[in-house]
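Please read the following report with the sequence and the model side by side. It takes up a few local features in turn.

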Amino acid sequence: VFLDPFGNDVAWKTLEAIAATGAIDLWYLFPAGLGVDRQLGKDGSVHFTHKASLDRMLGTPDWRDAFIDRHDETDLFGVVHERTTKVADPGSITEFMIKRMRTIFKGGVLDEWLPLGSNNVHMYSLIFAWANPSEKASELANKLAKAVLKSK
């Protein structure tokens with residue numbers, strides 16, 4: 001299966017259904033830059049509708065702790081304020097998604113991925129996963145996927 005979503009249209013439940021087959025290989029054009037990174041403000045702010053979209057796509061609210069740093073700062077008057085900062089970029093967002101996908105794809109998820117975009121802007125990450133847990137399937141999937149990624 002090749003998933004090329006419009007924005008954040010691929011819900012985590014879709015990935016779970018593909019993984020549950022135990023037989024499907026997946027190429028996922030994951031919108032790390034366009035679908036995730038751009039929804040995170042530099043100050044760590046995220047609009048409430050974007051939070052729901054990211055929860056649905058990533059299958060967990062844990063991205064909030066992985067992508068946003070929360071810390072206290074004391075102002076000149078000794079008042080403590082909580083500050084947030086975005087600490088994620090498309091690469092770390094992709095690595096987060098790969099870890100998430102490993103929880104459901106019993107065959108595996110390739111460590112290597114291909115950053116794609118234009119004008120040196122990382123918009124998407126091409127991720128490969130396979131559902132078949134057999135050793136032979138894993139060997140073949142790894143070999144083929146690595147060859148495809150190297151041919152770019």
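Where does Lys42 lie? Lys42 is found in the loop between α2 (32-36) and α3, where helices (H or I, at least four residues) and strands (E, at least two) are DSSP runs, numbered from the N terminus. This is a predicted model, in which local features need pLDDT of at least 70 and side-chain atom pairs count only at pLDDT 80 or more, while totals for chains, interfaces and linings use all residues. Residues are numbered from 1 along each chain as its sequence is written, and side-chain values use heavy atoms, with hydrogens and water left out.

Lys42 is exposed, its relative accessible area being 74%; exposed means over 50%, buried under 20% and partly exposed in between, with a 1.4 Å probe and protein chains only. Apart from its neighbours within four places in sequence, Lys42 is in contact with Thr85 and Lys86, contact meaning heavy atoms within 4.5 Å. Although Lys42 and Lys86 are 44 residues apart along the chain, their C-alpha atoms are separated by 5.2 Å.

Lys86 also takes part in one of the four salt bridges that the structure holds, a salt bridge being a side-chain nitrogen of Lys or Arg within 4 Å of a carboxyl oxygen of Asp or Glu. Three of them, among the four, are set out here.

| Salt bridge | N to O distance |
|---|---|
| Asp37 and Lys86 | 3.0 Å |
| Glu73 and Arg83 | 3.5 Å |
| Arg102 and Asp111 | 2.2 Å |

In the pair of Asp37 and Lys86, distant parts of the chain are linked, since Asp37 sits in the loop between α2 and α3 and Lys86 in strand β4, 49 residues apart. Asp37 counts as buried at 16% relative accessibility, whereas Asp111 is exposed, with a relative accessible area of 55%, and Arg102 is partly exposed at 35%.

Helix α1 (residues 12-20) has the buried residues Trp12, Leu15, Ile18 and Ala19. Seen down the axis of α1, these fall within an arc of 120 degrees, so they line one face of the helix; the arc is that of the directions from the helix axis to the C-beta atoms. They pack against β1 (2-3), β2 (25-30), α3 (48-58) and α5 (90-102), while the face of α1 turned away from the buried side carries the exposed residues Lys13 and Ala20. Just after α1, Gly22 takes a positive phi of about 70 degrees.
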